[in-house]
Amino acid sequence: MFHAFASPQAGIRSLTVVLHSFLSKNYQYVLALAFAIEEINRNPHLLPNISLGYDVYNALHSEQKTLENLWQSGLGKVIPNYTCRTERKSVAALTGTTWAVSAQIGTLLELYKVPQVSLGVSYGLFDPDLSDGGQFPSLYQMAPKDTSLALGMVSLMLHFSWTWVGLVISEDKRGFQFLWDLRGEMDRKGVCEAFVKMIPVTERSYYSKYWKYHLQIKESSVNVVVIYGDTDSLLGLNFCKWEYLVIQKVWITTSKWDFVNIEREFLLDSFHGTLIFSHHHGEIPDFKTFITTASPSMYPEDFYLSHLWLISFGCVISKSDCKTLENCPPNASLESLPWWEFDKDMMEGSYHVYNAVYAVAQTLHEMLLQRAEMQSVGNGHELVVDPWQLHPFLRYMQFYNPVGDLVTLDEEKKLDASYDILNFWNFPEGFALKVKVGQFASDVPHNQQLSLSEELIEWAIGFSETPHSVCSERCIPGFRKTSQERKPACCFLCIPYPENEISNESDTDQCVKCPDRQYANRERTRCLQKAVTFLAYEDPLGMTLVCTALCFSLLTAVVLGVFVKHRDTPIVKANNRALSYVLLISLLLCFLCSILFIGRPNTATCILQQFSFGMAFTVAVSTVLAKTITVVLAFKVTVPRRRMRQWLGSGAPNSVIPICSLIQMTLCGIWLGTSPPFVDIDAHSEPGYIIIEGNKGSVTAFYCVLGYLGCLALGSFTVAFIAKNLPDTFNEANFLTFSMLVFCGVWVTFFPIYHSTKGKVMVAVEIFSILASSAGLLGCIFAPKCYMILLKPERNTQHALQCKAYSGGSKPP
């Protein structure tokens with residue numbers, strides 16, 4: 001680390017060096033300083049007839065010893081009464097590269113309030129603390145602001161879908177500020193931290209107890225780790241030990257953290273593929289040529305350069321003058337050194353040094369122009385400039401450097417940095433190259449801030465393709481995220497969306513409900529148009545029910561024909577054959593009315609369904625009731641009770657049918673007048689279908705009709721049950737009892753099944769109940785009679801019935 005001073009002495013260059021430690025990276029800063037000063041001295045338009053000179057001082061990597069080292073190196077000459085040297089005092093101090101050194105030197109320079117030393121220009125990281133005008137009124141920072149660094153890193157993570165990352169940050173003020181900014185951006189963008197390792201700034205131990213940092217990071221499930229800090233602040237992590245661990249991680253860091261090490265195996269195993277954010281800057285023409293041609297023979301007073309030759313090329317110092325180098329290779333040059341030993345490309349810090357020199361030169365130029373205009377000149381050989389006189393000019397200095405980049409020292413006008421994204425290549429071993437693979441700029445539209453050339457990126461050892469770093473895999477379209485208790489937001493479960501809700505995007509927790517006429521596909525990714533359906537004649541179920549209804553209707557018609565043909569036989573005449581005809585006709589209508597429930601519903605069919613069903617069954621059940629009453633009256637009426645015989649003879653039981661039907665008709669009329677059935681659509685019962693059905697309108701009226709039928713059926717069953725033990729020669733009470741038992745059983749079963757089904761199945765259940773109850777009445781009442789008529793005709797005679805009656809001990813009434 002070094003500090004340089006520029007002095008406006010005509011034709012004078014001087015270099016004073018005290019070496020305490022050597023770092024090749026820092027020596028490039030010295031060369032950048034020399035290159036800038038020589039370039040300015042050659043420029044006839046900038047400080048004409050004036051040559052800039054400089055002094056260089058070294059400091060160890062120790063904040064505690066910085067002032068001591070600088071004092072011993074000769075910085076004391078700028079303090080009054082501490083030096084007898086006659087050289088002109090320096091007008092500016094370029095301090096860096098860390099904020100701590102800049103702060104300490106700035107404090108020292110302000111302490112004495114000496115004009116010659118009141119200006120400091122820092123070329124390290126931009127630090128908000130150094131912008132405190134009250135504490136450091138004479139300190140100016142060259143580096144741009146890093147407020148968009150966190151945004152740039154998070155944008156890179158989002159580009160590669162890295163939502164689960166680790167953070168390794170130096171435990172200092174700047175590290176905490178970066179952690180605050182980074183966490184804010186990560187929270188806004190949905191990126192989670194797997195761990196945060198704060199590395200003590202002062203930790204420099206190499207003992208085994210500090211391997212805990214390495215092992216915790218190595219065992220973590222993350223594949224991406226952010227490292228923030230500079231070389232000094234992260235020495236405690238002791239990354240050089242990682243050559244033995246083969247860490248397969250992708251590192252995201254800044255150019256301020258120098259992970260380069262001479263041990264090439266370390267580079268190969270651990271940091272190949274690192275992504276580095278570096279301040280964007282233009283390429284300085286001829287700088288690389290200047291570096292590769294620099295040699296101790298060109299700069300004999302540069303002890304640093306001689307020392308670099310000694311350690312790099314095996315030269316020896318001449319014993320004659322202790323200065324000249326001997327036994328050097330003939331082709332020895334900085335260009336022949338490998339990259340990790342000396343970087344020939346201008347680094348970020350060197351670029352800031354270059355701009356700092358130009359800032360001082362531009363300030364001197366403007367000040368001297370103003371002084372010339374005022375005809376105020378010093379002696380004929382020197383232009384006397386006091387450092388404090390530069391402040392009014394330097395404070396608002398803004399200019400374009402030779403490569404066209406805007407340079408400003410005004411804190412209010414300083415823009416956020418744009419970053420080059422570099423990829424560190426070290427495969428094959430020793431390749432050691434930083435390749436620009438992208439750029440991030442915060443001052444452009446959001447979708448254009450990050451640009452990457454992914455085909456250039458070399459990933460860390462162990463990754464053959466873009467690494468994957470997530471806590472939970474993405475939820476594919478059709479699934480939504482649900483958080484897990486006590487886990488970060490990036491650790492979630494994927495569960496399918498509810499029925500009829502979709503999402504065509506990944507990792508969403510908001511869904512869209514499909515319209516009623518649409519339904520969600522199986523993957524829950526899009527809505528499909530529902531097909532219109534109903535219980536059609538063409539459906540297998542509909543066709544089966546229609547065939548069943550027609551078969552039973554035909555069978556009922558056949559039975560009616562048999563009864564009409566054999567109307568004069570005793571069995572047909574028994575228990576009022578007219579009621580039998582009415583019952584058969586009503587059952588025929590019951591079978592036929594079930595067909596109204598099949599096919600595309602319309603208003604007419606919806607009304608006819610319920611009206612015909614209610615009236616047909618009312619006639620059928622009331623007829624059964626009339627027949628049971630007839631049976632009871634026939635066997636219970638005795639001779640003395642002639643009045644009962646008159647009721648039986650007058651056909652009073654037959655009046656039950658019109659009375660009961662009139663009551664049911666009244667209920668149906670009220671139903672149709674208040675809330676009649678109508679055509680409705682059911683878009684929810686069957687996925688993918690819109691069912692057209694007949695809505696019953698008033699559910700209360702519907703159940704009143706069914707309830708009335710149930711009361712009639714219960715009454716018929718009760719009367720028939722009372723008469724079931726009467727002599728059975730002319731008695732069909734047993735058949736009537738069993739038929740009503742079947743009828744009631746069917747409709748009692750109907751209710752729970754009907755309410756547990758939806759759509760077409762519900763209609764089918766109602767049709768089945770109609771058919772089953774009607775078939776029960778037909779079979780239980782008329783099957784035995786048809787058997788006797790068709791298969792046992794010899795028993796269907798008056799003589800046979802009388803013989804059976806006498807043998808059974810009963811006489812006909």
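A residue counts as buried when its relative accessible area is under 20%, as exposed when that figure is over 50%, and as partly exposed in between. Take Cys491: with a relative accessible area of 5%, this cysteine falls under the cut-off and is therefore buried. Keep in mind that everything described here comes from a predicted model.

The link brings together distant parts of the chain: Cys471 is in the loop between β17 (450-452) and β18, Cys491 is in the loop between β18 and β19, and the two are 20 residues apart.

A search of the whole structure turns up 5 disulfides. One of them runs from Cys192 to Cys490, with an S to S distance of 2.1 Å. Cys192 belongs to strand β7 (residues 192-200), while Cys490 is in the loop between β18 (479-483) and β19 (492-496), so this pair ties together parts of the chain that are 298 residues apart in sequence. The bond is right-handed, because the torsion about S-S is about 85°. Both Cys192 and Cys490 are buried.

Another disulfide joins Cys475 to Cys494, at 1.9 Å from S to S. This link is left-handed, with -95° about the S-S bond. Cys475 lies in the loop between β17 and β18 and Cys494 in strand β19, so the pair connects parts 19 residues apart in sequence. Counting the bonded cysteines along the chain, the disulfides follow the pattern 1-6, 2-3, 4-7, 5-8, 9-10.

Cys547 is partly exposed, at 41% relative accessibility. For Cys593, the closest cysteine sulfur is in Cys590, and 5.5 Å is again too far for a bond. Cys593 is buried, with a relative accessible area of 4%.

Next comes the sheet. It is open and has 8 strands, in the order β7-β6-β8-β9-β10-β15-β16-β17, with mixed pairing. At the edges are β7 and β17, each of which pairs on one side only. From one strand to the next, the twist averages 25°. Strand β16 (residues 433-440) and β17 run antiparallel and are joined by 3 bridges; Gln439 has Ser451 in β17 as its bridge partner.

Two helices lie across this sheet's strands. Helix α4 (residues 149-159) lies across β6 (164-171), β8 (224-228), β9 (250-254), β10 (275-279), β15 (419-425), β16 and β17, and it runs at about 160° to β9. Helix α5 (residues 173-189) lies across β6, β7 and β8, running at about 160° to β6.

Then there is the packing of nonpolar residues. In soluble globular proteins, nonpolar side chains tend to be buried together. The largest nonpolar core in this model has 62 residues, and those with the most contacts inside it are Phe563, Phe613, Phe617, Phe743, Trp747, Ile767 and Phe782. The elements giving two or more residues to this core are α12 (540-565), α14 (577-593), α15 (603-636), α17 (656-674), α18 (699-722), α19 (733-755) and α20 (759-791). Of these, α20 gives the most, with 13 residues. Leaving out residues up to four places away in sequence, Trp747 touches Phe613, Phe617, Leu706, Ser769, Ile770 and Ser773. A second, separate core has 61 residues, among them Leu33, Ile37, Val357 and Ala359.

Which elements do the buried residues of α12 pack against? They pack against α13 (570-573), α14 and α20. The buried residues of α12 include Gly542, Leu545, Ser553 and Thr556, along with Phe563. As for length, at 1.5 Å a residue the 26 residues of α12 should span 38 Å, and the end C-alpha atoms of this helix are 37 Å apart, which agrees.

Terms used: Residues numbered from 1 in each chain as written. Predicted model: local features only at pLDDT ≥ 70, side-chain atom pairs only at ≥ 80, totals over all residues. Heavy atoms only, no water. Core = buried A, V, L, I, M, F, W, Y, C linked by side-chain atoms within 4.5 Å. Buried < 20%, exposed > 50% of the residue type's maximum accessible area, 1.4 Å probe, protein only. Helix = DSSP H or I, 4+ residues; strand = E, 2+ residues; numbered from the N terminus. Contact = heavy atoms within 4.5 Å. Expected span 1.5 Å × (residues − 1). Disulfide = S-S within 2.5 Å. Pairing = 2+ DSSP bridges. Axes fitted to C-alpha atoms, helices over the stretch in contact; angles between N-to-C directions.
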